[in-house]
Each structure stands twice: as C-alpha cells, then as structure tokens.
Amino acid sequence: MCDTCGCNITPGNGHLVASGGKLSRTEDGKAAVTVLRGLLDENDLQAHHNREHFDRHGVLAVNLMSSPGSGKTALLEATIDALRHEFKLAVIEGDLETENDAQRVRAKGVPAIQITTGSACHLDAHMVHDALHLLPLTGIDIVFIENVGNLVCPASFDLGHHRNVTLLSVTEGDDKPAKYPVMFRAADLMLLTKTDLLAVLDDFDPQRAEAALRQLASEAPAIRLSVRSHEGLDAWTAWLRRELSAQRQRVAQHASARPAGQPDGHRLHHRMAASARPGYVFLPAKP
Amino acid sequence: MHELSVCRSLIAQVEAVAIQHGARAVRSIRICVGPLSGIDPDLLQRTYPLARAGTVADTAGLIIEHLPIRVRCERCGFESEAAPNRLICTRCGDWHTRLLSGDEMLLASVELETDDGLPASPDQARIF
Ligand SMILES: Nc1nc2c(ncn2[C@@H]2O[C@H](COP(=O)(O)OP(=O)(O)OP(=O)(O)O)[C@@H](O)[C@H]2O)c(=O)[nH]1
Ligand SMILES: [Mg+2]
Ligand SMILES: [Zn+2]
Ligand SMILES: [Zn+2]
Ligand SMILES: [Zn+2]
Ligand SMILES: [Zn+2]
C-alpha cells in the first residue's frame, strides 16, 4: 500500500492520480477514497509470507511454468537423477486433477506434495502455503513448484518463490513468446525443451524463439534442452547451482528475491512495510 | 480463467475499505489495468457481477481505466509507447528497456456512501 511514499504510483500512471487527474474524483465530483493497491494484494501478502518460509530454511524455490505437456515433470525427473547426490530436493505439484506427477517424483525418492486445483487453472500463494505446511523444509536445498500447465494466468500469481522458469517445447512453435508476452516476460530462464525433436521439425528455429524473447526486453538466458539426448542438462544444473548459491548469499544478508514479471517488484518492499498500518488517502471533491 | 480470483480479491479489498470508513454502500470502484498485467478487462467486467453479489458493493459499478505500455530505453533514454510483444526502443532499436507502466492492476479508488460524508474540501484532504 502506498499512501505514505506513493510507491504504487509509477511514472506512467502518476498523472492519473495527481490532484485534478482522471482518477482523483468520480464522475459527479463526489469524493472518493483513493486506495492504490494491487488487485492481487491478498495473494502477494501470502506470497511474501511463503517466501519467509523458504528464506528461513535457506531454500531456493523455483516455479516451473509452461503449456500442458511441455516437459515439466520429465525435466524434474531428469533433474533429480542429475542432482540427487548433490542436493536435497522437494517438489510441489499443481494439476487440475490426479496425483500422477507427484507419484512420478516420489518414484525417484523425492518428497512431493500434490495440489489438485479442481477448476483453478493456476496455483496461488494460498495453495502453496497449505502445501508448505505439509512439507518439512529442514535440510532441503531446492523446492520446485510445478505449476498447472497453462501459458496464461500462472504468470500473474506470485507464489513466494524466487525464480520463474518457463519451458517452451519445440513442438509448440517459436512464436510463443510473442503470443504470450505476459508469461515470457515473467521468465528468469527460458528452457527450449524436447530439442531432440528438432531433427524432425523443420519450422522451429531456436534463434527465432530467443529473438522473440528479447523483443520483450527480457535478459533471461535461454537454454536448449532435451531429457532424451541430455542436451543442455549441464547448463540447466549449472544455472540451478548459481541460483542456489545466490540465494544462500541473500539469506546470509537477510535479503530475498522476487521472480521476474511481478509488477512493482522494486516497490514491494515499501508496500509490505506500510501494509502493517493501513490508511487511505482522501482526495478533495473538486480541486 | 483467473479473472474470477482477481475479482474476489478486489471485492475483499473494497469490503475492507468500506468497513474502515463505516460506509453503508459502495457506489463505484475504479481500477487501473495495463495490457501486461495478464488481466483481460472485458472478462473482468463480465465476471465482476458474480463477485460483487451479496457484498457491500452489490450495486457498485466497476470502472476500468486502461493504462498504456510505456518503456524507457536504458541506452538512449528515449521514452515511448510500446506494444505488448514489442517492448524495444522505438528510436534506437535496443531491447534493454525498462517498463515505466503497463503491467499494473491496481485498485485506484472507491466511492463510498457514508452517513457523515467524506472530507470534501481540499484542506481536509490528508493522509492518515
Ligand atoms: N522427445 C522428447 N519428449 C519429451 C521430452 N520431455 C518430455 N517429453 C515427453 O512429453 C510428454 C509430456 O511430458 P511431461 O513431463 O509429462 O509434461 P508436463 O509439462 O509435466 O505436462 P503437464 O504436467 O500435464 O502440464 C511425455 O510423453 C514426455 O515423455 C524430451 O526432451 N524429448
Ligand atoms: Mg507435469
Ligand atoms: Zn511505498
Ligand atoms: Zn488461472
Ligand atoms: Zn506459514
Ligand atoms: Zn534507445
């Protein structure tokens, strides 16, 4: 909430709320209460709390997002095989129905909590919080959250994790970042998956997919990966190691990190501090 | 369809504001939405009557302000409007830009009906 320092007011929207601006009074000139809170504030506060859970235990939390079937669970299985002797991993699985993905992970000897969302097409911070209280974090290094397969809304919900990984399989078309800018802007890392299939797909160009990502002003690295040929697995695990050590440094300094794509990221800190004592700005009826 | 979750969260916030100000009812709700927020304003407008039913905002209208996408080039400093999937600098073409606006989804203001009325003169306008 930014009644005190105005941190929700950006250079782009400030003119709307300034005295006499479009939003400072209602149509008939009656006074209105200016709030300027994010519409997902409730979710964001819960996410903030979830992040404290992770940070308290020095855990790195990574959210995997993609269309259905792009290879999120297959990536988790391959990651467990690659890192099982190095790190303690845990998984939170989100699906509309079934425990299938959690069972695939448990079969590899890694704890997995399945969240079945029913009709909700994304995970939110409250669902993840419920899962966190079923998942002992002591001794865990990395928690992966496999979001519901969906290229639209998972990007809008902060779960309290630190990094977003967006998977794009080569069967989906290299123009996906241009078609789903909200999702791909939210990527801290883009994984181009199933690259073993490139040999039989003549129209997917990894460079075009990367170029579409840059058009979104994203600096996220792109890794080409296949769990069949093992291409890119080393680059992926190296990224995870770097992120885990960055997380440990942050924890040592009592700092945290939010994933890409969350609005007002740099302003959130203020908002959390201010939200403990709610208050609202009253604006005059007619300036 | 996450617009329903967004609407529910919106109504919860509006209810909190109404309670804090002892309002009898909410007359209107104004929100600001940018194209990169991930919210579809039309869907939100259609979902909204479901979310407000039976709440203090039962009869409140929802006014959606559309905010433009604006970016600032980190290399040449140029500011311009941009399309959702083309956030690069329109002057020098560099993709190192910063988003100035366009990803917002904000509850901007709420018009309340109270018994004692709200502060109405400019000098009463203050932060508390
Ligand atoms: N050829 C090939 N197939 C793959 C690769 N990765 C995953 N697949 C296959 O793609 C299908 C879907 O993989 P999953 O890992 O279940 O995909 P997911 O993203 O977890 O799917 P949802 O959880 O349902 O959204 C399976 O048949 C996998 O075997 C890969 O690198 N190469
Ligand atoms: Mg899966
Ligand atoms: Zn602030
Ligand atoms: Zn959804
Ligand atoms: Zn808790
Ligand atoms: Zn420029």
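**Note on the predicted two-chain model**

1. Leaving aside neighbours within four places in sequence, Lys176(A) is in contact (heavy atoms within 4.5 Å) with Leu151(A), Leu168(A) and Phe184(A). Lys176(A) belongs to helix α6 (residues 176–179) of chain A, where helices (H or I, at least four residues) and strands (E, at least two) are DSSP runs numbered from the N terminus. With a relative accessible area of 13%, Lys176(A) is buried; buried means under 20% relative accessible area, exposed over 50%, and partly exposed in between, with a 1.4 Å probe and protein chains only. A polar atom of the Lys176(A) side chain lies 2.7 Å from the backbone oxygen of Glu172(A).

2. On the basis of these values, this is a predicted model in which local features need pLDDT of at least 70 and side-chain atom pairs count only at pLDDT 80 or more, whereas totals for chains, interfaces and linings use all residues. Residues are numbered from 1 along each chain as its sequence is written, chains are lettered from A and ligands numbered from 1 in the order in which they are written, and side-chain values use heavy atoms, with hydrogens and water left out.

3. Asp101(A) in helix α4 (residues 100–106) and Glu146(A) in strand β5 (residues 142–146), both of chain A, are 45 residues apart, and the pair links distant parts of the chain. Asp101(A) is buried, at a relative accessible area of 12%, and Glu146(A) is also buried, at 3%.

4. Helix α5 (residues 125–132) of chain A is largely enclosed by the rest of the structure, because six of its eight residues are buried. These buried residues are Ala125(A), Met127(A), Val128(A), His129(A), Ala131(A) and Leu132(A), and they pack against α2 (41–56), β3 (89–95), β4 (112–116) and β5 of chain A. At the start of α5(A), a side-chain oxygen of Asp124(A) comes to within 3.0 Å of the backbone nitrogen of His126(A).

5. Val227(A) sits in the loop between β8 (222–224) and α9 (233–252) of chain A, and counts as partly exposed at 25% relative accessibility. Not counting residues up to four places away in sequence, Val227(A) touches Ala74(A), Leu75(A) and Ala78(A). Val227(A) and Leu197(A) are 30 residues apart in sequence, and their C-alpha atoms are 11 Å apart in space.

6. Chain B has two helices and six strands, which follow the pattern α-β-α-β-β-β-β-β when read along the sequence. Of its 128 residues, 51% count as buried. Among the contacts in chain B with a separation of 6 or more, 68% are accounted for by residues 24 or more positions apart.

Key: Polar contact = N/O pair within 3.5 Å; in protein donor to acceptor, adjacent residues only side chain to side chain.
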